[in-house]
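Reader: I am new to this structure and would like to be taken through it. Could you guide me, please?
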Amino acid sequence: MADPFEDEAEQTVSIHEYLKDVEEQELEADLVLGGDEGKKCTYDEGYMKRQAVFSCLTCTPDGNAGVCTACSLSCHDGHEIVELWTKRNFRCDCGNSKFGQFFCKLIPNKDTENVENSYNHNFKGSYCTCGRPYPDPDVEDQVEMMQCLVCEDWFHEEHLGLDSADEIPRDEDGEPLYEDFICQSCSVICNFLANYPKTIYASSACGPSGNIENNNGIYNSPKEDNALTDTTPDTMSLVGAVCLLLGKESEQNTVVNPPELDRNKPKPMFLAKNWRDSLCTCEKCVNLFIQKGIRYLLDKEDSIVEYEKMAKQKREEKLQQQEGVECNFLNNLGHVQKIEILNGIADMKNEIHSFLESFDSSKPITSDDVHQVFENLAKKRKRV
């Protein structure tokens with residue numbers, strides 16, 4: 001009788017491929033967690049500019065609370081946890097009044113409520129206008145979702161309000177050409193961004209005339225004499241009371257908004273890389289951002305790009321620190337101890353090499369094989 005497993009392809013992976021995969025997973029985790037190792041509750045740091053946040057549906061099934069990385073690991077281990085990626089201006093809720101008799105193990109004494117925290121249906125495990133979970137148990141092939149810069153909800157491509165997914169700015173390899181995305185609903189709040197030049201938008205979102213399109217035609221691109229064609233952050237800091245959007249001081253105290261967009265069918269916005277550099281920071285414009293509750297758009301450190309840059313920097317520092325600890329360990333050893341360690345490494349290398357040379361490559365390596373390698377090593381050390 002034929003072996004039922006004979007025709008199944010053996011799934012193999014090289015050590016190099018395995019280590020590379022582990023490294024990529026560690027980097028991805030560091031980017032999401034912002035380099036947070038999850039050892040300390042972030043509550044004492046107040047409302048953090050941006051941090052990884054989790055929702056515990058076991059403790060707060062209404063989805064009205066969020067906890068930091070450390071609390072998700074220490075206080076809610078084994079609970080039903082929803083990973084929310086990152087949220088801005090958030091303070092850890094773990095153990096406050098929303099958790100009833102449950103207290104935080106890391107910082108037991110906390111305010112009863114964090115009044116500045118914002119919550120949406122993501123905290124219940126629902127996303128997009130369709131309200132589906134992620135990953136979706138009813139979908140075989142999970143698709144990536146896009147996070148709105150303003151409301152921080154996540155959206156499926158087919159629910160962005162576009163006529164075609166081809167309207168999403170991507171390069172030939174399908175990689176995004178935009179840095180930030182603003183959903184349909186939030187684009188109404190941010191409609192004044194249409195006063196800026198087309199350069200703040202990802203290129204393939206522009207129409208033939210260079211104006212940013214909406215369902216009614218265009219987002220009313222600024223007049224040529226008011227356009228910010230070559231403005232840098234250094235230039236902006238010197239402008240003072242002159243509004244870059246108006247090109248001169250206005251007799252009014254507020255920035256003139258563009259004509260209202262069609263609120264029934266607004267379009268999402270795809271913003272180009274470094275688009276925040278073009279934002280006007282005069283007093284009138286800053287007040288406008290504050291009035292609309294989006295002052296954070298003027299802060300470059302608010303962006304995911306800066307968050308991930310910080311995470312990479314922390315990762316590099318951690319790796320360098322680990323290397324330093326290893327070097328210090330060896331440097332503090334005596335000459336004989338150093339020789340012993342180096343000999344041990346050489347013996348292990350030789351034993352593994354001998355095992356691989358004599359092993360039948362058509363067979364999988366089992367745990368018994370690995371144990372045998374270390375037993376052989378132990379026997380050799382005893383003979384020495």
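Author: Let us begin with one side chain. Arg170 is partly exposed, because its relative accessibility is 28%. Please bear in mind throughout that this is a predicted model.

Reader: Which side chain does Arg170 meet in a salt bridge?

Author: Arg170 meets the side chain of Glu157, with a distance of 2.2 Å from N to O. Both Glu157 and Arg170 lie in the loop between E4 and E5, so the pair ties together parts that are 13 residues apart in sequence.

Reader: Is Glu157 buried, exposed or partly exposed?

Author: Glu157 counts as partly exposed, because its relative accessibility is 29%.

Reader: How many salt bridges are there?

Author: The count comes to 16 salt bridges. One of them joins Glu152 and Arg50, whose closest N and O atoms are 3.2 Å apart. Glu152 lies in the loop between strand E3 (146-147) and E4, while Arg50 lies in strand E1, so this pair ties together parts that are 102 residues apart in sequence.

Reader: And are Glu152 and Arg50 buried or exposed?

Author: Glu152 and Arg50 are both buried.

Reader: Which residues are linked with Arg50 in a network of salt bridges?

Author: The network links Arg50 with Arg88, Glu152, Asp180, Arg276 and Asp302. Within it, Arg276 forms a salt bridge with Asp302, and the closest N and O atoms of that pair are 3.3 Å apart. Arg276 lies in the loop between strand E8 (269-271) and helix H5 (283-291), and Asp302 in the loop between H5 and helix H6 (304-331), so the pair ties together parts that are 26 residues apart in sequence. Arg276 and Asp302 are both buried.

Reader: You placed Arg50 in strand E1. Which strand does E1 pair with, and in what sense?

Author: E1 pairs with strand E2 (residues 81-90) in the antiparallel sense, over seven bridges. Arg50 has Arg88 of E2 as its bridge partner, and Arg88 also belongs to the salt-bridge network.

Reader: How many residues of strand E1 are buried?

Author: Eight of the nine residues of E1, which covers residues 48-56, are buried, and the strand is therefore mostly covered.

Reader: What can you tell me about phi of Trp85?

Author: Phi of Trp85 is near 60°, which is a positive value in a residue other than glycine. Trp85 is found in strand E2. Asn89 also has its place in strand E2, and phi of Asn89 is near 45°, again positive in a residue other than glycine. Asn89 counts as partly exposed because its relative accessibility is 33%.

Reader: Which helices supply residues of the nonpolar patch?

Author: Helix H7 (335-358) and helix H8 (367-383) each supply at least two. H7 gives the most, with three residues.

Reader: What about Phe374: where is its place?

Author: Phe374 has its place in helix H8. It is partly exposed, because its relative accessible area is 47%.

Reader: One last topic. Where is the place of Lys40?

Author: Lys40 has its place in the loop between helix H1 (15-33) and E1. Lys40 is exposed, because its relative accessible area is 58%.

Reader: What separates the C-alpha atoms of Lys40 and Cys68?

Author: A distance of 9.0 Å separates the C-alpha atoms of Lys40 and Cys68, and the two residues are 28 residues apart along the chain.

Definitions and conventions. Residues are numbered from 1 along each chain as its sequence is written. This is a predicted model: local features need pLDDT of at least 70, side-chain atom pairs count only at pLDDT 80 or more; totals for chains, interfaces and linings use all residues. Side-chain values use heavy atoms; hydrogens and water are left out. Buried means under 20% relative accessible area, exposed over 50%, partly exposed in between (1.4 Å probe, protein chains only). Helices (H or I, at least four residues) and strands (E, at least two) are DSSP runs, numbered from the N terminus. Two strands pair if DSSP finds at least two bridges between them. A salt bridge is a side-chain nitrogen of Lys or Arg within 4 Å of a carboxyl oxygen of Asp or Glu.
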